[in-house]
Each structure stands twice: as C-alpha cells, then as structure tokens.
Amino acid sequence: VQLNALHVGCGTSTVGESLLSLRERVGNDLLRYSRVVNVDNDENALDSMRRRWERRRPRHIVVEDGNWNRIDEIGTMEWKC
C-alpha cells in the first residue's frame, strides 16, 4: 500500500527521509510512504533541506491530488511530549 505524508513545520528534520525508508507489514499488506512533502515557513531551513535532499535523491516527486495518509506538525508533537 502506497501512502502519502505531509510534514508541516519540518525545519531541518530528517523525519521525511525516515518515512521514505520505512516499511511496515500489516497483515498481508506492506505499507510504505511513496510521497513525503516537507513544509516550513523558514526559507533557510528549506534551502538546507533542499540541498541535502538533492544530494541524496536527485529526482523530485509532485503530489497532484491532495490526498494524504499522514500529516505531521512537529510543533504540536513537541508541545504534547
């Protein structure tokens, strides 16, 4: 099963990259994230991530539909922990 993730407030986190390498078996299905979009309002953080991403994975994926299986907003997760 192919999943999509939207990581809001990503900063320079490696969560998006980790999700892309995650594989999990649930019953007979193998779950994996095929699309991860990182979003942040800090241009410097995004530039840093973009450079790191281009070194690791030179192809870019465009999400055309807006259907997400996972949305992470790191500030909320930090606040609750």
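1. Helices (H or I, at least four residues) and strands (E, at least two) are DSSP runs, numbered from the N terminus. Residues are numbered from 1 along each chain as its sequence is written. Please keep in mind that this is a predicted model, where local features need pLDDT of at least 70 and side-chain atom pairs count only at pLDDT 80 or more, while totals for chains, interfaces and linings use all residues; side-chain values use heavy atoms, with hydrogens and water left out.

2. The protein chain has three helices and four strands, and along the sequence they follow the pattern β-α-β-β-α-β-α. Of its 81 residues, 25% count as buried, where buried means under 20% relative accessible area, exposed over 50%, and partly exposed in between (1.4 Å probe, protein chains only).

3. How far should you trust the coordinates? The score to check is pLDDT, the predictor's confidence in each residue, from 0 to 100. The chain averages a pLDDT of 76, and 68% of the residues score at least 70. Over residues 76-81 pLDDT stays under 50, and the model has one contact there beyond four places in sequence; a contact means heavy atoms within 4.5 Å. Where pLDDT is low, the predicted coordinates should not be read in detail.

4. Now follow strand β3 and its neighbours. Two strands pair if DSSP finds at least two bridges between them. Strand β3 (residues 29-39) runs parallel to β1, with seven bridges joining the two. Leu 6 has Val 37 as its bridge partner in β3, and Asn 4 stands opposite Arg 35 in β3. Strand β2 (residues 23-26) is antiparallel to β3 and is joined to it by four bridges; here Glu 24 stands opposite Leu 31. In the hairpin of β2 and β3, two residues lie between the strands, and Gly 27 takes a positive phi near 65°.

5. Is His 7 buried or exposed? His 7 is buried because its relative accessible area is 1%. Its strand, β1 (residues 2-8), is mostly covered, with five of its seven residues buried. The side chains of His 7 and Asn 38 are joined by a polar contact of 3.1 Å. Such a contact is a pair of N or O atoms within 3.5 Å; within protein, one must be able to donate a hydrogen and the other to accept it, and residues adjacent in sequence count only if both atoms are side-chain atoms.

6. Which residues make up the largest nonpolar core? It has six: Leu 3, Ala 5, Leu 19, Leu 20, Tyr 33 and Val 36. The elements giving two or more residues to this core are β1, α1 (15-21) and β3. A nonpolar core is a set of buried Ala, Val, Leu, Ile, Met, Phe, Trp, Tyr and Cys residues joined through side-chain atoms within 4.5 Å. In soluble globular proteins, nonpolar side chains tend to be buried together.

7. Val 36 counts as buried because its relative accessibility is 19%. Leaving out residues up to four places away in sequence, Val 36 touches Ala 5, Gly 16, Leu 19 and Leu 20. Val 39 counts as partly exposed because its relative accessibility is 35%. The C-alpha atoms of Val 39 and Gly 11 are separated by 8.0 Å, although these residues are 28 apart along the chain.
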